[in-house]
Amino acid sequence: MCSGSLTEDLGEIQLIKIEKRKYWYQDDWYLKYITVKTPVGDYLEFPCYRWITDEKEIVLRDGRAKLPRDDKTQILKQHRRKELETRQKMYRWKEWHPGFPLSIDAHSHSDLPRDIQFDNEKGVDFILNYSKAMENLYVNRFMHMFQSSWSDFADFERIFVRISNTISEYVMQHWKEDFMFGYQFLNGCNPVLIRRCTEIPKKLPVTMDMVECSLERNLTLEEEVKQGNIFIVDYELLDGVDANKTDPCTIQYLAAPICLLYKNLENKIVPIAIQLGQKPGPDNPIFLPSDASYDWLLAKIWVRSSDFHIHQTVTHLLRTHLVSEVFSIAMFRQLPAVHPLFKLLVPHMRFTIAINTKAREQLICECGLFDKANATGGGGHVQMVQKAMKDLTYSSLCFPEEIKAKGMDSKEDIPYYYYRDDGIKVWEAIKSFAEDVIHIYYESDEVVCEDVELQAFVKDIYVYGMRGVKASGFPKTIRTREKLAEYLTVIIFTTSAQHAAVNFGQYDWCSWIPNAPPTMRCPPPTEKGTVTIEQIVESLPDRGRSCWHLGAVWALSQFQDNELFLGMYPDEHFVEKPVKEAMAKFRRNLDEIVNTITERNKNKKLPYYYLSPDRIPNSVAV
């Protein structure tokens, strides 16, 4: 920060140039902003928020946001164009795997432009963080027994004791119960798969005889379906995905279960039938709560393991991390720093490209950390993303629309779906903020149509992010203020709230390993009546994989040291008063949501807080 004052009037200041002299050693300088005092006593702010590294000069404009059409002079038009040309050379698209959304063209974190790197690379070194996590959790003492099995469920507690919290402890005590199994589809860390069942699929030949003892309303199964009391979760995506073969000493297995659930008279959602494969047949029985207790328990464990895979690779990696990176690259390539939408979006892109680059370097690369404990490691996760791309649609990222499409929108019918309730409140608050900002800069739909930079940004996302797939439903252009508000809400909600909802609960729900096994070491059972406790323990992850898994879910659930939460904008990219007022209103709305959630959670054995705005980081940074 520095300020200067002028004694003579030079007319309106268009731009200021700064250059840093290079001394004997590299001394990067992070410049927040420059304040200039004019002869008439006005103060002008020139935001920078960039690293000044070598001897290049940086040219800054004052902090007032301007659309392309607002720039009249040649010098300002040229500055704008030049900035984008420079950025487009620095931020290049690259295909990481065929069929994936494109990502940044960089091999490692240190290849990235300095402005988007982590402040210190140590903070985001996955290998270091996981190892540190295992040390903190006191589990590295089991690592020398890498391939050995635990002796029973109680034995799992040996790696669990050090670090349980209220939710993880509750999970450990109740994980075998049907209500706990059902509850997680609504409010666990993957609350996005459950949908209302409108007809029982042919591939799941459940009969009334099978489930009669689970139904409580004296209705037939068909009638229960008609009344909207039956729900389904189908893991079809996992069908045909290759299981991890990176360790010849441990064969690993995947399944693609279908799970039928029922809303009982207490409005609790409980499982009533589980088939572990997609094709019905004598060697693919339908498991029921009335079966022998270990049969039913193992069937539920297989569903939980499948849920873990979809959660990590589709819900978390693809639908928050990779999508947010697309938004981020397109923003840097197409919106100059003076554009109001750059100023609005930049806090929600902080460190996203960096964390993803680091993940590709250490975590989800060939022979990366992901392969160590996950049955979808060694390439399975790549197949999953490729398959899941067909469901990555614009409307599925519009939170209220997606909830409605799954038939999960009625509060009366499904009262305990806190992910939905809190998510809609946060979505509305973000949308209202986006509308306020849009109305400051775009006085009509026509102005939206004419904004060439906005249209280039939207097109970049469609062409490179969604690979130009029409079926994705991503707009190629935006013609109205209303559509723009929705589009910006999708971006801000995905990078902040959606990521928080599916990331920060991982330790709570996945640290008790039988509730979220990252791999299974025996194939799914093909008949009933043979499962023993020994078989279940043999199927669950061995000691070494359990430790890696625990380190991972712990490290991923931690906030950054200097975390900025939703609505916190310490960098003053905007200087205008109306925007500051819009931000203050946004914060008031968010505070109200925090209070409502805190009130609801009082005295709850299982509080739901992942979508409380004071726990939603602004961006995908972990």
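**Close-up views of a predicted model**

**Figure 1. Residue D28 is partly exposed, because its relative accessibility is 29%.** In this predicted model, D28 is placed in the loop between β2 and β3. Apart from neighbours within four places in sequence, the residues in contact with D28 are W51, I52, T53 and R114.

**Figure 2. The annotated positions D27 and D28.** An unreviewed UniProt entry carries the annotation "binding site" for D27 and D28. D27 lies in the loop between β2 (16–19) and β3 (29–37).

**Figure 3. Helix α10 is mostly covered.** The helix spans residues 352–362, and ten of its eleven residues are buried. The buried residues of α10 are T352, I353, A354, I355, N356, T357, K358, A359, R360 and Q362.

**Figure 4. The second largest pocket holds about 1000 Å³ of space.** The pocket is lined by 41 residues, of which V192, L193, R195, D391 and K406 are the closest to its centre. Two or more lining residues come from each of β8 (195–196), β9 (230–234), α8 (293–334), α12 (380–388), α13 (394–397), α14 (399–405) and α18 (481–503).

**Figure 5. Composition of the lining of the second largest pocket.** Helix α14 supplies the largest share of this lining, five residues. Grouped by class, the lining of the second largest pocket comprises 21 nonpolar, seven polar and 13 charged residues.

Methods:
Residues are numbered from 1 along each chain as its sequence is written. This is a predicted model: local features need pLDDT of at least 70, side-chain atom pairs count only at pLDDT 80 or more; totals for chains, interfaces and linings use all residues. Side-chain values use heavy atoms; hydrogens and water are left out. UniProt positions are given in the numbering used here, feature names are shortened, and annotations may be inferred rather than shown by experiment. Helices (H or I, at least four residues) and strands (E, at least two) are DSSP runs, numbered from the N terminus. Buried means under 20% relative accessible area, exposed over 50%, partly exposed in between (1.4 Å probe, protein chains only). Contact means heavy atoms within 4.5 Å. On a 1 Å grid over the protein atoms alone, a cavity is a set of points where a 1.4 Å probe fits but cannot get out, and a pocket is an open set with protein on both sides within 12 Å along at least five of seven lines; lining residues have an atom within 4 Å of a point. Grid points are joined across faces, edges and corners, and a volume is the space filled by probe spheres set on the points. Ala, Val, Leu, Ile, Met, Phe, Trp, Tyr, Cys and Pro count as nonpolar, Asp, Glu, Lys and Arg as charged, and the others, Gly among them, as polar.
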